[in-house]
Amino acid sequence: MLTIADHQFSSRLLTGTGKFSNHNTMLQAIASSGSQLVTLAMKRIDLTRGHDNLLGPLQSMGVKLLPNTAGARNAKEAIFAAELAYEMLGTKWIKLEIHPDPKYLMPDPIETLIAAQHLCEQGYVVMPYVHADPVLCMRLEEVGCAAVMPLGSPIGSNQGLATETFLSIIIEQANIPVIVDAGIGAPSQACRAMEMGAAAVLVNTAIASSANPQQMAKCFADAVATGRQAYLAGLGAVNNHAHATSPLTGFLSEPTINSLAKSVNSKGG
Amino acid sequence: MTQTDPHGVITLHLNGVEQQVRANLNLAELLILSDLPTQGVAIVVNDTVVPRSRWMHAVCQADDNITVFSAVAGG
């Protein structure tokens with residue numbers, strides 16, 4: 001079971017709700033993924049377009065909601081967004097993300113740490129989206145974050161685990177769940193993250209942008225489960241040299257084999 | 001500048017749109033009057049989040065800048 005704060009999840013696949021072509025497709029994909037922790041964002045209601053009811057169907061599915069602070073450009077705005085989420089959804093769980101740069105959406109580590117410390121002190125269950133920075137992740141753990149969510153590669157890029165070396169260090173050092181977020185573009189990459197010992201992965205774009213989101217969600221669920229099982233089973237060591245899996249020594253010098261070979265040759269001649 | 005006319009109508013901004021509403025309207029009433037949902041939303045008045053427990057007691061003031069937020073899809 002994946003334990004975050006005081007909550008347990010049987011699924012280690014978190015999903016996002018963005019970028020789907022419509023709500024029905026999104027709901028079907030989430031159901032297919034088996035995800036129990038689902039992210040969403042917040043926005044000012046556009047009075048000219050009417051209200052789009054996203055919450056009702058998600059709540060009916062019984063998933064736990066994880067609002068994010070997307071759009072926040074600094075700690076002050078992120079803290080405000082967390083307070084907004086608490087009033088809106090009645091949850092103190094917050095995916096803390098502060099990315100002032102719209103091109104690469106790189107998270108601001110300094111503002112993130114400031115906001116995380118403040119929100120943890122206020123009793124929030126803080127799950128910060130950060131670069132794969134082992135030192136920062138340790139600092140975030142020290143201030144009381146419930147999990148860390150280092151990126152694999154830029155948000156929505158589907159580039160996979162470009163930060164694999166650093167993710168390994170984070171996983172090795174962390175005493176809180178490490179959830180690889182952002183950039184995972186294929187089930188094989190999610191599987192790899194889980195094999196490395198990640199507690200969970202968060203996938204959105206790779207599912208939403210698939211030609212068949214429902215099927216892709218199931219593929220990710222299977223990959224995450226397989227990766228986790230492989231991690232628990234224990235991967236074999238990686239070596240630079242070959243190590244034979246079959247006995248090679250003396251094979252051709254065995255008397256029986258030699259006589260068989262002569263027999264075959266004489267029949268063939 | 002405060003805009004209250006003799007008939008008890010005030011002007012405020014709701015989600016960036018200028019609105020004229022009766023004076024003494026509270027936030028809970030404003031949502032209903034504006035055909036906005038009362039669940040799954042958060043209200044910010046002049047850059048301050050107003051807790052749901054205070055909506056019935058928070059009376060709209062002239063020139064208030066009121067913003068109603070809701071959940072949307074996101075990763």
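**A walk through chains A and B**

Of the 75 residues in chain B, 25% are buried, where buried takes 20 or more other C-beta atoms within 10 Å of a residue's own, exposed takes 12 or fewer, partly exposed is in between, and C-beta atoms are placed from the backbone. Keep in mind that this is a predicted model: local features need pLDDT of at least 70, side-chain atom pairs count only at pLDDT 80 or more, and totals for chains, interfaces and linings use all residues. As for labels, residues are numbered from 1 along each chain as its sequence is written, while chains are lettered from A and ligands numbered from 1 in the order in which they are written.

Let's stay with chain B. Its secondary structure is one helix and five strands, and reading from the N terminus gives β-β-α-β-β-β. Helices here are DSSP runs of H or I with at least four residues, strands are runs of E with at least two, and both are numbered from the N terminus. Chain B has a radius of gyration of 13 Å, close to the 11 Å from the globule rule for 75 residues, so it is as compact as a globular protein of that length. That radius is taken over C-alpha atoms, and the rule is 2.2 Å times the number of residues to the power 0.38. Along the principal axes, the C-alpha atoms of chain B fill a box of roughly 50 × 25 × 20 Å.

One spot in chain B to look at is B:N24, in the loop between β2 (17–22) and α1 (27–33). B:N24 is not a glycine, yet its phi is positive, at about 70°. It has 10 C-beta neighbours inside 10 Å and so counts as exposed.

With 17 other C-beta atoms within 10 Å, A:L105 is partly exposed.

Now for a helix pair in chain A. The axes of α5 (residues 134–142) and α6 (residues 164–173) come within 9 Å and cross at roughly 30°; axes are lines fitted to C-alpha atoms, for helices over the stretch in contact, with angles from 0 to 180 degrees between N-to-C directions. From α5(A), A:P134, A:C137 and A:M138 meet A:F166, A:I169, A:I170 and A:Q173 of α6(A), contact being C-beta atoms, placed from the backbone, within 7 Å.

Terms used: Two residues are in contact if their C-beta atoms, placed from the backbone, lie within 7 Å.
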